[in-house]
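Have the sequence and the 3D view open as you read.

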Amino acid sequence: MIDWPNVTESSYEELGLKPEELQRSKCVLGFIPVIYYSVLLCVGVPVNILTAVALCRLASRTKKALYYYLLAVTGSDILSQLFIIFVGFLLETAVFHRDVPKVLLHVVSAAEFAANHASIWSTVPLTVDRYVALCHPLLHRQISYPARARKIITAVLVLTLGSGVPFFWWSDVWRDSHPPTALDGVLIWTHVTIIYFLPCSIFLVLNSLIIHTLRIRQKKQPCQEERGPPRRLGKTTAMLLALTSMFSVLWAPRTVVVIYHLYVSSVHQNWRVHLAYDLSNMLAMLNTAVNFFLYCFVSRPFRSAVRDIVLLRGGPLHPRRALPQQQAPTNASISSLYSGNNKRSQQDSTPLSPRRNKKPS
């Protein structure tokens with residue numbers, strides 16, 4: 001980002017490069033990226049912590065798997081902000097490219113990629129859960145519960161964090177003077193596949209199936225009374241589409257620039273590619289700080305939980321019991337972030353009514 005002296009470069013003579021090839025591209029943005037990432041970190045970390053606390057309350061109150069998936073997304077975003085923005089873009093720029101062991105630089109690189117992959121792939125189980133809930137509700141009631149959600153989240157996080165290990169050998173595209181090698185090509189294509197092409201393909205397929213299913217369902221429900229559930233499902237779909245679409249848009253420029261760096265022009269030698277890479281990284285990292293505002297915009301329960309936290313109100317961990325005649329049947333609702341009705345969120349914890357427990361005489 002910033003043109004600090006790099007004391008870790010290998011001998012130019014050994015690389016066989018001409019003097020004109022050693023001219024490093026200048027960072028035309030100057031200190032703008034440092035200011036941007038500092039503001040993003042100061043805003044993103046607090047709002048994500050607030051999001052995590054609010055989701056913990058909602059998860060404890062409703063016992064729904066959806067909130068655990070959203071918690072995984074939020075936790076992964078916090079990891080990305082700490083490892084990529086704080087360590088990678090701020091500390092590494094000013095400290096780690098001074099006279100320090102190169103092993104430390106590679107360890108930091110592997111940690112950054114691990115957090116990056118975890119942040120992106122934590123959205124995939126959420127998308128799968130919403131697809132099953134909206135398109136196969138009967139199956140969703142059988143297989144979606146907090147214990148299973150925690151196992152799925154743990155497995156995804158272990159795999160994604162482990163996927164950062166090969167990127168210990170990732171080259172520094174800002175400062176390495178040699179052109180990309182064959183190993184660089186393998187790592188770059190592995191990276192863009194993991195962070196963009198594969199998850200975006202999953203999002204595209206599942207979201208398309210969700211929209212198709214909802215359209216068919218709406219056509220089969222002509223009565224006004226039967227159109228209530230599809231509207232709520234449509235709102236859930238809108239949230240999911242917003243999350244995945246935002247990721248696809250914000251990460252697309254970085255994917256294009258990395259591939260351009262591999263085949264056309266190096267970031268080290270071309271100031272235009274350097275500028276594009278800086279801007280694309282800034283856009284991609286914005287994705288780690290916007291989910292809080294999206295949840296506040298579309299979710300009344302989430303806004304209420306945030307309000308209670310900000311006003312230092314404890315709020316009940318378990319909702320008040322509803323009267324038996326006011327309760328909906330246990331299998332009448334689908335778990336959703338937008339369930340503002342307390343009666344629907346109490347069904348798992350409310351005991352059976354006396355009528356149901358009464359044995360025939």
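What is the volume of the largest cavity?

## The largest cavity

It comes to about 120 Å³, with volume taken as the space filled by probe spheres set on grid points joined across faces, edges and corners. A cavity here is a set of points, on a 1 Å grid over the protein atoms alone, where a 1.4 Å probe fits but cannot get out; lining residues have an atom within 4 Å of a point. The structure holds three cavities of 30 Å³ or more.

The lining of the largest cavity includes V73, D77, F203, F247 and N291. Helix 9 (228–263) is among the helices supplying at least two lining residues, and helix 9 gives the most, with three. Helices are DSSP runs (H or I, at least four residues), numbered from the N terminus. By class, the lining has six nonpolar, five polar and one charged residue; Asp, Glu, Lys and Arg count as charged, Ala, Val, Leu, Ile, Met, Phe, Trp, Tyr, Cys and Pro as nonpolar, and the others, Gly among them, as polar.

## The second largest cavity

About 90 Å³ of space sits in this one. Twelve residues line the second largest cavity, with S171, V173, P180, D184 and H261 nearest its centre. Five of the lining residues are nonpolar, four polar and three charged.

## How the model was read

This is a predicted model: local features need pLDDT of at least 70, side-chain atom pairs count only at pLDDT 80 or more, and totals for chains, interfaces and linings use all residues. Residues are numbered from 1 along each chain as its sequence is written, and side-chain values use heavy atoms, leaving out hydrogens and water.

Conventions: 1 Å grid on protein atoms, 1.4 Å probe; cavity = no way out; pocket = protein on both sides within 12 Å on 5 of 7 lines; lining within 4 Å.
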